[in-house]
Amino acid sequence: MRKFFTTLSLICSLFAITSICQRPLKNVFAGHFRIGAALNEKQFTGRDKRGAGIVTTNFNTISPENVLKWEAIQPVEGKFDFSKADEYVAFGEKHKMFIVGHTLVWHNQTPKWVFEGPDGKQASKELLTKRLRDHIFKVVGRYKGKIGAWDVVNEAMNDDGSYRESEWFKILGKEYLALAFRFAHEADPPADLYYNDYSLEMAEKRRGTIEMVRWLLDQKAPIGGVGSQSHHRMEWPAIEDQEKTLTDLATLGLKIAITELDIDVLPNPSDYRGAEVSVNFERRPELDPFKKSFPAERQSALAKRYQDLFRVFVKHSKLIDRVTFWCVTDGDSWLNGWPVRGRTNHPLLWDRAGKPKPAFGAVVETAAGN
Ligand code: XIL
């Protein structure tokens, strides 16, 4: 008899897990916010059928992991290559998704020529402004009415809340931010225009960012939202800081999006907390402990961590326009190569075989306020 009940309860829990896993995220969060993922080329061209299937079943918004960055679109001055970006947008249109553009102005993945004059020295203010305008007009104009939201400027602030001394800043001063938003707005007036950055959970960076956005608003720059990348770790940020980030950003009265969510489960090689893509540390075996498998106890801890975060998102869902994961399955994640190359990370809701992890079920449960 006991055996019968044990088997029955096992069957029931398996059934519960299976039925949770069969609930597409976009249905589950329909009353709260849009839910999305950043796509690589294999997914939006359909070469990765399994990945594309996960995306079309679960997500109603997509972001491009790399294909809309400056180096991909205009690697050489005046030579635009929209082939991959066109496929990305076509995928979103076919599946009736809210399509995000990432990113127009950044200090990374931007070719050197952008900041150089004809003499090989620093470009003049006039030349850089013209290049900024041309690029934005060409790219935003091409996807007018198709891309619903743009990350217009990415990562303009330092972790202490000061302005990052990027080439953009050095040549144009902070005015480049206002210019970028104006050009993007001119090119597609109804599009939602975002400022996007990481580590907004750090009080100093958040303060500086909010001040910068207020300055943009004073300048009448057409900014419509703030994107909080949310490249998180198991131990950082504290849940209270996640919540405070949302409520502080909400004081701006703009849209808020969680734009690049993932949770790094590997040991941190330093006390660095940001998401600057050029940071790199040497690989050591102790930094890569889950190469062969990700233990059940770590799976549960990750599920709990995702659940804690989504409880905050659901609690404040009126403030949030969308929550987007940065990549789809663990195997796709940029965190396998950053900030240490060649590790095996497990930061997302689907494992390398495309199976939903316990974290998936934990996230689903939060939608009902559990
Ligand atoms: C990352 C991509 O995922 C990688 O494939 C690429 O090599 C580097 O950039 N913040 C951002 C994203 O805004 O564009 C970055 O994407 C991750 C950090």
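Predicted model: local features only at pLDDT ≥ 70, side-chain atom pairs only at ≥ 80, totals over all residues.
1. Let's begin with strand E3, residues 98-105. Eight of its eight residues are buried, and the strand is mostly covered. On one side, E3 pairs with strand E2 (residues 61-64) in the parallel sense over two bridges, and here Thr61 stands opposite Phe98.

2. E3 also pairs with strand E4 (residues 147-154). These two strands run parallel and are joined by five bridges; if you want a place to start looking, Ile99 has Ile147 as its bridge partner in E4. Together with helix H7 (residues 125-142), E3 and E4 make a right-handed β-α-β unit.

3. Helix H13 (residues 358-366) is worth a look too. It is largely enclosed by the rest of the structure, because seven of its nine residues are buried. Those buried residues are Ala359, Phe360, Gly361, Ala362, Val363, Val364 and Thr366.

4. The loop between strand E9 (320-325) and H13 holds Asp351. This residue has 25% relative accessibility, so Asp351 counts as partly exposed. Leaving aside neighbours within four places in sequence, Asp351 is in contact with Thr329, Asp330 and Lys357. The Asp351 side chain also reaches the backbone nitrogen of Ala353, at 2.8 Å. As for Asp332, it lies 19 residues from Asp351 in sequence, with a C-alpha to C-alpha distance of 9.5 Å.

5. On to charges: the whole structure contains 25 salt bridges. One of them joins Asp264 and Arg233, with the closest N and O atoms 3.2 Å apart. This pair links distant parts of the chain, since Asp264 sits in strand E8 (residues 255-264) and Arg233 in strand E7 (residues 231-233), 31 residues apart.

6. Lys291 and Asp288 meet through their side chains at 2.8 Å, N to O. Lys291 is partly exposed because its relative accessible area is 47%, whereas Asp288, at 8% relative accessibility, counts as buried. Elsewhere, salt bridges that share partners join Glu41, Arg47 and Lys84 into one network.

7. Arg47 counts as exposed, at 58% relative accessibility, while Glu41 counts as partly exposed, at 30%.

Note on methods. Residues numbered from 1 in each chain as written. Heavy atoms only, no water. Buried < 20%, exposed > 50% of the residue type's maximum accessible area, 1.4 Å probe, protein only. Helix = DSSP H or I, 4+ residues; strand = E, 2+ residues; numbered from the N terminus. Pairing = 2+ DSSP bridges. Right-handed = clockwise from strand over helix to strand, strands pointing away. Contact = heavy atoms within 4.5 Å. Polar contact = N/O pair within 3.5 Å; in protein donor to acceptor, adjacent residues only side chain to side chain. Salt bridge = Lys/Arg side-chain N within 4 Å of Asp/Glu carboxyl O.
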